[in-house]
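Me: I am new to this structure and would like to learn how to read it. Could you take me through it feature by feature?

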Amino acid sequence: MPFVRVDALGADSDRLDALGRAVHDALVETIGIPPDDRFQVLTGHDGTRSTLRYDDYLGVHRDSGIVYVAITMRRGRTPTQKQALYRRIAELAHDYAGTEPRNVFVTLTENESIDWSLGKGVAQYAPSPDVAGPPPLSGPDHT
């Protein structure tokens with residue numbers, strides 16, 4: 001159920017595919033995401049019509065090999081799991097796509113079960129609504 005967005009500068013479809021596989025494999029290995037649970041948007045930027053900006057923040061020297069990975073998933077992973085995820089994404093991005101680990105920038109956003117609809121207009125992860133529910137509204141404005 002994680003939703004992953006990968007943005008890479010100068011990436012062709014093969015490199016984007018490799019980066020997507022790296023992130024997915026890391027999610028499966030480190031936090032137990034099911035192998036068939038893949039929802040990704042992979043975008044290459046050509047540096048002209050669309051580009052990515054970066055600096056050497058916190059002493060990490062980045063260059064045109066920059067890759068931004070944004071992951072949104074439900075709350076509940078430990079700091080240790082998150083650190084393992086970041087490390088594994090950087091390792092696999094290097095192994096699969098030749099991306100230097102210093103160029104892998106990852107953000108993780110957590111939310112609640114109710115924040116997901118995986119299709120059909122249904123919040124599949126939300127608890128079932130109370131069968132009784134609140135009483136119906138009545139009065140002149142609510143008939």
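Reply: Gladly! Let's begin with a term: strands are DSSP runs of E with at least two residues, and they are numbered from the N terminus. Keep in mind that this is a predicted model.

Me: How many helices and strands does the protein have, and in what order do they run?

Reply: The protein has two helices and four strands. Read from the N terminus on, the order is β-α-β-β-α-β.

Me: Where is leucine 58 in that layout?

Reply: Leucine 58 lies in the loop that joins strand S2 (39-45) to strand S3 (67-74). Its phi is near 55 degrees, a positive value in a residue that is not glycine.

Me: Is leucine 58 buried or exposed?

Reply: The cut-off for exposed is over 50% relative accessible area. Leucine 58 counts as exposed because its relative accessibility is 72%.

Me: What is the phi of lysine 120, and where is this residue found?

Reply: Lysine 120 has a positive phi of about 65 degrees, although it is not a glycine. You will find lysine 120 in the segment after strand S4 (104-111). With a relative accessible area of 84%, lysine 120 is exposed.

Me: What can I say about the protein as a whole?

Reply: Of its 143 residues, 31% are buried. The accessible surface comes to about 8,900 Å², and carbon and sulfur atoms hold 53% of that surface. Among contacts with a separation of 6 or more, 72% link residues 24 or more positions apart.

Key. Residues are numbered from 1 along each chain as its sequence is written. This is a predicted model: local features need pLDDT of at least 70, side-chain atom pairs count only at pLDDT 80 or more; totals for chains, interfaces and linings use all residues. Side-chain values use heavy atoms; hydrogens and water are left out. Buried means under 20% relative accessible area, exposed over 50%, partly exposed in between (1.4 Å probe, protein chains only). Contact means heavy atoms within 4.5 Å. Accessible areas come from the Shrake-Rupley method with a 1.4 Å probe; for residues, only the protein chains shown count as cover.
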